[in-house]
Amino acid sequence: MRHPLVMGNWKLNGSKQMTAELISGLRETLSSVDGCDVVIAPPFLYLDQAKNAVFGSPIALGAQNVDVNLSGAFTGETSAEMLKDIGAKYIIIGHSERRTYHQESDDLIAKKFAVLKDTGLIPVLCIGETDAENEAGKTEEVCARQIDAILNTLGADAFKGAVIAYEPVWAIGTGKSATPAQAQAVHHFIRQHIAAKDAAIAEQVIIQYGGSVNDKNAAELFTQPDIDGALVGGASLKADAFAVIVNAAAAAKNAH
Ligand code: PGA
């Protein structure tokens with residue numbers, strides 16, 4: 001049985017004060033969580049502060065990006081070893097904002113996936129189609145291509161213990177979430193696509209949904225059999241809303 005994972009992607013938001021206040025709010029509302037893993041991914045600069053602030057709580061630490069190099073002359077980058085050293089465990093890669101604004105290719109993202117696995121960190125691989133691709137009926141083709149970048153270079157085994165976040169680009173930050181049925185259909189496709197290579201690996205891989213998940217729509221999304229939690233942007237910046245989403249994932253898991 002898969003354990004759902006709800007992860008907050010703070011994106012480029014935060015300050016020392018906000019980090020302290022948000023985590024203290026989360027500690028109050030999420031003092032014990034049963035049946036769901038909880039992660040927050042603040043900006044790099046606040047990871048150390050966040051690590052201390054979540055100590056002794058059920059909240060684990062994640063990060064929003066990683067470089068492919070481990071050390072050396074790569075100005076401005078952050079390595080997997082550094083993220084491990086600071087205590088981050090789940091690392092988002094391939095987010096559509098990085099694919100779009102930083103021209104990250106499937107090849108580069110596959111390299112990031114490999115470096116995270118080598119370092120013992122958990123990749124949270126974001127995939128998903130744009131609005132135009134969706135309109136053109138290319139959702140499955142795009143998701144398959146983005147997954148194949150890993151499958152064809154690292155093999156299905158790389159997905160053991162890894163996380164996929166299906167995030168339709170048209171749903172991110174728009175307030176227009178995919179419907180539970182729409183998301184379930186794509187999640188099922190993704191799992192089947194991996195199962196064609198290795199059924200056991202496909203069965204255990206966590207597939208989160210992301211894109212305008214909030215405290216109102218989360219519970220229904222989590223009733224779907226192939227939706228294993230959520231990657232949450234905007235709503236992860238509010239302790240109460242994030243806690244409602246976490247509790248909805250835990251309740252859905254416990255209902256099964
Ligand atoms: P959103 O962002 O919840 O604000 O739509 C999700 C994400 O980009 O991970």
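**Salt bridges and a helix pair**

Tutor: Happy to! Let's start with Asp106, which counts as buried at 16% relative accessibility. Keep in mind as we go that this is a predicted model.

Student: Which residue meets the side chain of Asp106 in a salt bridge?

Tutor: Asp106 lies in helix α5 (residues 106–119), and its partner sits in helix α7 (residues 139–154). The two are 39 residues apart, so the pair links distant parts of the chain. From N to O the distance is 2.8 Å, and the partner is Arg145.

Student: Glu104 forms a salt bridge with Arg98. Is Glu104 buried or exposed?

Tutor: The closest N and O atoms of Arg98 and Glu104 are 2.7 Å apart. Arg98 is partly exposed, with a relative accessible area of 23%. Buried means under 20%. Glu104 has 9% relative accessibility, so this residue counts as buried.

Student: What about Asp215 and Lys216: how far apart are they, N to O, in their salt bridge?

Tutor: Asp215 is partly exposed at 32% relative accessibility, while Lys216 is exposed, with a relative accessible area of 70%. A salt bridge needs the nitrogen within 4 Å of the carboxyl oxygen. The side chains of Asp215 and Lys216 meet at 3.6 Å.

Student: Which residues do salt bridges that share partners join into one network?

Tutor: The structure holds 10 salt bridges. Some of them share partners, and these join five residues into one network: Arg2, Arg191, Glu203, Asp226 and Asp228.

Student: Now back to α7. At what angle do α7 and helix α8 pack?

Tutor: Two packed helices are described by the angle between their axes and the distance between the axes. Here α8 covers residues 180–195, and the axes of α7 and α8 are 10 Å apart. α7 passes α8 in a right-handed crossing. The angle is about 35°.

Student: How many nonpolar residues does the contact of α7 with α8 have?

Tutor: On the α7 side, the contact is made by Thr139, Glu140, Cys143, Ala144, Ile147, Asp148 and Leu151. From α8 come Val186, Phe189, Ile190, His193 and Ile194. By class, the contact has 2 polar and 2 charged residues, and the nonpolar ones number 8.

How values were computed:
Residues are numbered from 1 along each chain as its sequence is written. This is a predicted model: local features need pLDDT of at least 70, side-chain atom pairs count only at pLDDT 80 or more; totals for chains, interfaces and linings use all residues. Side-chain values use heavy atoms; hydrogens and water are left out. Buried means under 20% relative accessible area, exposed over 50%, partly exposed in between (1.4 Å probe, protein chains only). Helices (H or I, at least four residues) and strands (E, at least two) are DSSP runs, numbered from the N terminus. Axes are lines fitted to C-alpha atoms, for helices over the stretch in contact, and angles run from 0 to 180 degrees between N-to-C directions. A crossing is left-handed if the near helix is turned anticlockwise from the far one by less than a right angle, and right-handed if clockwise. Contact means heavy atoms within 4.5 Å. Ala, Val, Leu, Ile, Met, Phe, Trp, Tyr, Cys and Pro count as nonpolar, Asp, Glu, Lys and Arg as charged, and the others, Gly among them, as polar.
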